[in-house]
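Q: Could you take a close look at how the helices pack in this one? I'd like the contacts spelled out.

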Amino acid sequence: MALTLYVDTARWRAHHKHVQEQFPGLVPVCKGNGYGFGHERLAEEATRLGSDILAIGTTYEAARIKDWFSGDLLVLTPFRRGEEPVPLPDRVIRSVSSVDGVYGLVGARVVIEVMSSMKRHGVSEQDLPQLHAAIENVRLEGFALHLPLDRTDGSDAVEEVIGWMDRLRAARLPLHTMFVSHLKAAELIRLQQQFPQTRFRARIGTRLWLGDHEATEYRGAVLDVTRVSKGDRFGYRQQKAASDGFLVVVAGGTSHGVGLEAPKALHGVMPRAKGVARAGLATVNRNLSPFVWGGKQRWFAEPPHMQVSILFVPSDAPEPKVGEELVAHLRHTTTQFDRIVDR
């Protein structure tokens with residue numbers, strides 16, 4: 001009995017091809033938990049797409065994935081002097097976001113990140129003149145620009161890239177390749193038309209692997225079902241059942257990422273109101289689970305355990321049976337499945 005990730009493989013791969021057609025020369029991204037699929041699976045899918053390069057998050061991920069992907073590996077986390085050395089093959093390309101970092105990677109293959117409106121990391125415009133001497137001792141694979149997802153100020157992503165292209169050109173730096181993130185297909189076409197001598201390569205993760213929501217589904221198997229009456233005590237904390245119903249033990253707990261949620265940016269009155277309501281219910285131990293039964297998301301009976309969750313299903317709903325599976329609305333990037341099933 002397991003928490004299972006079901007994949008409609010044909011549909012999933014058709015989506016990959018569609019994205020690849022929209023973004024010629026795309027660089028698939030495989031980082032963290034492999035977007036819920038695992039590094040090995042995404043490395044295989046990138047190979048199937050014919051990708052010559054795979055972007056990964058850290059040097060530690062590169063060390064694990066190097067035996068699963070034979071092309072180049074682009075480490076997205078910028079190099080820092082003093083970091084723990086990790087033995088890596090020459091086909092690994094390091095990102096670097098400072099002039100000092102470039103000097104620290106003599107002989108290495110590097111992509112230089114420039115500072116975008118994200119203001120996360122990158123070489124500043126003021127530092128560009130110093131790059132001339134620095135890049136003489138590295139193998140420059142190109143520059144990179146990581147753009148924000150939302151532009152609440154109404155600014156244009158293409159104009160931001162053009163601004164950096166102009167700065168790099170004015171600094172007489174090579175512009176053969178520019179790696180970009182979070183651009184639309186039409187925006188990439190505009191850039192390629194304006195700068196035909198530069199190859200723009202879109203680094204894409206979420207849109208590639210998770211863009212078709214109907215292609216994947218998590219389900220947790222029912223392990224046990226116990227009928228309870230109002231007032232019956234149960235669980236680790238011996239709480240009382242609020243009404244008649246069923247305690248349903250389902251595969252999927254904190255070790256899988258169930259009950260763990262990354263903070264979200266809320267926009268608008270209604271999402272904020274719902275957030276406040278959820279927080280209020282949590283203070284009285286009422287937490288909605290990600291599991292669905294009888295057409296409704298069901299409440300946790302108590303906080304999820306390490307490998308299972310206990311749900312409360314009221315008596316007016318159908319009684320779940322051991323071996324049945326409950327759909328679970330889980331975030332791929334924070335979930336670890338027990339098994340993956342292609343269908």
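A: **Helix packing, up close**

UniProt, in an unreviewed entry, puts the feature "domain: Alanine racemase N-terminal" at residues 8-158; its positions follow the numbering used here, its feature names are shortened, and its annotations may be inferred rather than shown by experiment. This is a predicted model, where local features need pLDDT of at least 70, side-chain atom pairs count only at pLDDT 80 or more, and totals for chains, interfaces and linings use all residues. Residues are numbered from 1 along each chain as its sequence is written, and side-chain values use heavy atoms, with hydrogens and water left out.

Over residues 8-158 the chain is 30% helix and 19% strand, with the end C-alpha atoms 35 Å apart (helices, H or I of at least four residues, and strands, E of at least two, are DSSP runs numbered from the N terminus).

Now H1 (residues 9-22) and H2 (residues 39-48): they pack at about 60°, axes 11 Å apart (axes are lines fitted to C-alpha atoms, for helices over the stretch in contact, and angles run from 0 to 180 degrees between N-to-C directions). H1 and H2 are therefore oblique to each other (under 35 degrees is roughly parallel, over 145 roughly antiparallel, 65 to 115 roughly perpendicular, the rest oblique). On the H1 side, Thr-9, Trp-12, Arg-13 and His-16 meet Arg-41, Leu-42, Glu-45 and Arg-48 of H2, contact meaning heavy atoms within 4.5 Å.

Trp-12 also has a ring partner. The structure holds 3 aromatic pairs (Phe, Tyr and Trp rings, the six-membered one for Trp, with centres within 6.5 Å; planes under 30 degrees apart are stacked, over 60 edge-to-face, the rest tilted). Trp-12 and Trp-209 have ring centres 6.2 Å apart and planes at 45°, so that pair is tilted. It ties together distant parts of the chain, since Trp-209 sits in H8 (residues 206-210), 197 residues from Trp-12.

Then there's H6 (residues 157-170) with H7 (residues 185-194): their axes come within 10 Å and cross at roughly 30°, which makes H6 roughly parallel to H7. Ala-157, Val-158, Glu-159, Val-161 and Ile-162 of H6 touch Glu-187, Arg-190, Leu-191 and Gln-194 of H7.
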